[in-house]
Amino acid sequence: MTSSQYKYDQNLDIRFDIDYSDYGRNHQGKNLSSTTKNQISPSSTAAKNSPFCGGMVKTVVSVAAVLVIAFAGVGLGLYFTGVFRGNIRQDATKSNNTAKPEGIVTKAATLATHTASSRNTVPTTPEASTIVDKKYNDDTTSNPSTTVGQYDDITSSDTSTMDKQNDKITTSVAATIVEQNDKVTTPAASTTVGQYDKVTTSDTDTTDKQKDNIPTSDAATTVEQNKKMTTPEVPLINENEAFIVTHGEWTKWSGWSRCSITCNNGTQTRTRLCRKTSSDDIDCDGEDTITRICNNGKCPDCEKACPGNTLLNENCTACICPSNIRHIQVFNTKMVPIDGVTVARLDIQYDILGTTADSNGTFIDNLCKSDWLIFKKLKYVDLILTVGGVSSDPIIVTMETTESIEVVSHPQDVVALTGDSVDFTCRAIGKPPPNVYQWFKNGKQITTNSSTNLNRLTLDSVSADEKGSYYCKASSDYSSAISNIASLDVKDDGGSFCETSPSQQFKRLPKDCPQSGENPLMYEVGRCRRNECIQRPKFNTESKYCCGPTRQTMRSITCTDYSLDILVTLECGCIICNQVNVTGNTITTVRKVTVSGYVHDVVDTSSPLRLGKVYLFDEEVATTNYNGNFKFEVSLEVTRIVVTFKEWIIKNNFIETSKVFNIPKDYSGTFYRDIPILRKSTVVEISSSETSSLSLANSTSGSSFAEIIIPGGSFYKADGTRYDGPVQAAMNFLDPRNDEDMSTMVGDLTFTNDDGEIGLLQTFGMFHLAFSDSTGNELNIKGEVGMAISADVIGAKLQNATNVKLWSFNPTSARWEFEGNLRRVSDRKKRAIKASVTTDFFIGDTVITDRYWFNFDNSQLNYCFVKMHLYADDESTTPLPWDNSLEPTVISLDQAGTGRVVTGRMSQDWRTGVKSNEDCILTVCADSQFQGYLSMHNAMGALNASLNLGGSTPTAVSLTVDQLSSTTSRGRVIDTTISPLTSNGPVYHSSKSNCYSQSSPLCMNCSATRPEPYPECIFCKSRYCRYPSTVSYVMCLKANNVDPHFRFYQSAVSLFEYSVCKELQECRSDTSVWPLMWFPKETNRYSVWYMKVRVDVDTTRVESSVRIVSKGSHPKTQGKMFGIREDETINQTACIEFKGSGNIFTGALYEPDQSILEVFVEGTDCKVENVSSRLIDKIITKVTPAAIVSFKLPIQKYYDGIYEDRDDELDEAKRAARNTCKGEPGVAVTITCKKRDSRG
């Protein structure tokens, strides 16, 4: 058993001070003052029995080991070793090295009497001077004591109102620290099993079977590589009472108070309380009160001189133009009148001139053409405009709905040499747009210069002190958003950015080419990390430097009846990664990301969205063609993109749909997706003048489970006038209980909280509304609409309250925004609102603006983690490394099976900052079990799912693993239930939290090392450690291959690709390989070729496997292999890529070469039944006896069954050529076999 391997995301804990040093959104003024902290502290008696850390703590008896005292200068260092029950420990019996690992601080039993007072020695962090906003743009917010928290997480300042949520965020007693840690020990450094220790140096000129993963060219390289790949030591965590702490917890910020004065500059304040369970609890970090400047306009001035024919009004606030009455009408973007809009002069906002009402706007007298007016209403963006000249025509005003801020361009990682100047940039959109950008380093706001309010952060003459993690926060009066984290690394020498020894990288071998060792079908070829580095002087302005191969070698390995050339990387260094200099010519590779796809009806995939508009966030970027295809480029700084599809010229009742795609970091190429979208549902006719109820009924019981209640007189036409007449109403409901509905969901079930952090939502159903008149003209709604959902559906059968709330969809950010709470409705009330239901409902009310997607969601979630591994085959003998192309998806169900949460590799918990990390996928567990669906995709499509768990089988757990029954998903989606929840895999869940004092050995070690060395360092973060999900996160990260996990694999006969060298960037340092490049790219376009092969097995419908081996005929490629492509037949045919004839690159120039293609199939007694007429004379004598047939193809010639496409993007060219091959009837060669049991 090897040592525990884990992957630690060093950025997950960077934001731990956001709640404390960054109070929210900085909008209109400066932070003027702060007051003494308010604290809620119950009596000491109550504290003794508190379930929180710092209440009753059990004493844990430790087993003493060795106490070593070392003096260095005037400093006294204590090093302790020991093993504690329930701890993450170092097992001395597994090490033959008695030296204490450097940098590990441990504790002996003699310190068990350490005083409890040390618990309160955690230094507080200096508070950054930050200014925040409130949820809506209203300068006269009511007194904070009347403010209600939007999400109802913490709405009371009295400890008597602490809800059940607090049970989930308590710190565990010492005795409850993770049991799993007992089995995830790491041996000492000297016992780390180096994979290469078993490998002897081999002669690269001889054919060599791979003995143990990676033969190296010399012993010195092997030794150096083993040193660098040693697993870091796991810290020893002492459960001594002195190191267990409980942190106070801030309540939510109140709303802003009213401005202290009516006019001119005043102040507003907002407050929060530090809620504590005991007087021993550590104070909350940060201030409890913040203040900002407010100004509602100029004060009255009765001495003011008015120009021309204007007069000073009675209250001395403005010069007016008598008898100039203007009619003002205000509409939303759907031309529906808005009531309740206040109108005031911009410079005197406290003096309200009028308020719109009764759909007829308002009339305002005494306006002058030079007056600037401001229009305000909750949920709408403030609008400022001038009146203009005197006119009897009404002033038509259109107001936009507020939209939360979304960061669309994120800061990027940077490396720099000491003394360099560094820039980080950040761009966000929203309505209103952000007016403040704040920058943070390692979670602390940077306030040293005025540039921190700009979207660009410039660091001049950087030094090692500037190393760290940076991010921005964009804010407006309405919302905030936080960017991704970018790292800055600063070194004195550019070459030191690179590790000279390559990291592990396996190349998959054909199934008839097994080698010796643990993974017979995987050959280690090494990989340089390709992280950015620096060279001076720079080659040219376009040069991009990264850590790439500086020494490679070709090895030949023996297969069943042939040999295979394989390129191995031996050494890495800082190189120009986007350019190669060939015989004096510089070949430059431009990294770009292209998004493409096919938009179609979710039911009928052959029905496309023809000539539809495509938007990236709020910008039009493309139009679908007549076949429903689209393509556009995106910036490299974008990671999460929102793409919206709308009908344009051709109307087919498609619903406007916004989809979210996550672009992997450092991705380059074409990002392709199929986009299924909904059409409007069956139309129901209702009356515009009466209250109507749109009901969705259960197909079996006939009872309603969701309803929309629309008041009479609510419909308006596109010209802004009221509509009277029959209304054609369509409501599409996406039921999370229906697996097929999940693919048509809009957005990604996330929201942004008040602090700009991202949270997940559990949906119980989302729906879209659409209305039209009898001729199909669009109608829109004015006024409050009731939206109801069955109590059974949301799992609240007998409850009077629920955490499920009503949300509306923001199509620009593709996030959901809070609309209101739900209330239970009695039978009597249901009759009053004309609901035709027989079961209790929960109803929420919303005023529709211009949004027509709504959702019933729960944001109070119980987080856990799922462990998912990838293998090369269904026998799980060959594990594959995790890479950015993998897209895991977990759909978790609530206890009743009615609510669902969809998570993936980009998911995170906004409360704790923990997130999916490679094979640990964040998900949501029910109270006592996990039930859900798991799938995994890579660039080639969906991977197969194993019915058997990997690793050990969890004990005392009821676990089922099955495959989803849907035909299209069979074998690719795991349907699993685990009960009760476990702490040892494959689902990792904890009901306990874990907080350590800053004076503990763990926290001191974590704070002294950058990046932080252990996942357990999160237990030292006051904001994070209080939540159980951080414990779940650490448990999952530390699990190894022998622990239970779900398994996915790529079939050994499906979509196999092998190339000696795909293109120049892969084999740049070995010129002997250049003639064997699959894509020599004489021009900037890729040329991709496919052959269609048919295999009939004994006149049955049995499928087979087809392989094409591409070889050369040029003197430098004669008898050598370009590569292998293999795939499974579907309906007896397969489209197989081959290396097309054309110019090859010999190192000095391009020379022509005709490709030789050898065709193999799986079967016995196979023979060629038919060859397309124009290919017959291209058949040659078989080079390899086992081949069924061999061809030698002329350069750039086209034949029946041969298909080609060219494009600047490789993925696009391959997709187009493959789709053409699959869609066209022409077959190059037909082969018949008696059985499929071996390759013949």
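The backbone nitrogen of D792 lies 3.1 Å from a polar atom in the side chain of S790, a polar contact in the sense of N or O atoms within 3.5 Å, where within protein one must be able to donate a hydrogen and the other to accept it, and residues adjacent in sequence count only if both atoms are side-chain atoms. The model is predicted, so to speak of local features a pLDDT of at least 70 is needed, side-chain atom pairs count only at pLDDT 80 or more, and totals for chains, interfaces and linings use all residues. Residues are numbered from 1 along each chain as its sequence is written, and side-chain values use heavy atoms, with hydrogens and water left out.

S790 itself belongs to strand β49 (residues 784-790); strands (E, at least two residues) and helices (H or I, at least four) are DSSP runs numbered from the N terminus. With a relative accessible area of 4%, S790 is buried, a word kept for values under 20%, while exposed means over 50% and partly exposed lies in between (1.4 Å probe, protein chains only).

A second polar contact involves R823, whose side chain meets that of D845 at 2.8 Å. R823 is found in strand β52 (residues 823-825) and is partly exposed, at 42% relative accessible area. Leaving aside residues up to four places away in sequence, R823 touches F841, F842, I843 and D845, contact being heavy atoms within 4.5 Å. The C-alpha atoms of R823 and F842 are 5.1 Å apart, although 19 residues separate the two along the chain.

Turning to the aromatic residues, the whole structure holds 20 aromatic pairs. Rings of Phe, Tyr and Trp (its six-membered ring) pair if their centres lie within 6.5 Å; planes under 30 degrees apart count as stacked, over 60 as edge-to-face and the rest as tilted. Because F424 sits in strand β19 (residues 422-425) and W439 in strand β21 (residues 436-441), the pair ties together parts that are 15 residues apart in sequence. F424 is buried at 0% relative accessibility, and W439 is buried with a relative accessible area of 0%. Together with Y470, F424 and W439 form one aromatic cluster.

Rings also meet charges here. K613 lies over the face of W648, at 3.6 Å from the ring centre, and K1139 over the face of F1122, at 4.8 Å from the ring centre. For such a placement, NZ of Lys or CZ of Arg must be within 6 Å of the ring centre and within 35 degrees of the ring normal.

What is the strand order in the open sheet of 3 strands? The order is β36-β33-β39, with mixed pairing, two strands being paired if DSSP finds at least two bridges between them. The edges are β36 (629-634) and β39 (669-677), each pairing on one side only. On average, neighbouring strands of this sheet are turned by 25° against each other, direction ignored. Strand β33 (residues 593-601) pairs with β39 in the parallel sense over 9 bridges, and H600 has P676 as its bridge partner in β39. Helix α8 (residues 1210-1223) packs on the sheet and touches β33, β36 and β39, its direction making about 50° with that of β39; axes are lines fitted to C-alpha atoms, for helices over the stretch in contact, and angles run from 0 to 180 degrees between N-to-C directions.

Finally, helix α7 (residues 1028-1038) is mostly covered, with 11 of its 11 residues buried. Among them are P1028, Y1033, C1036 and K1038.
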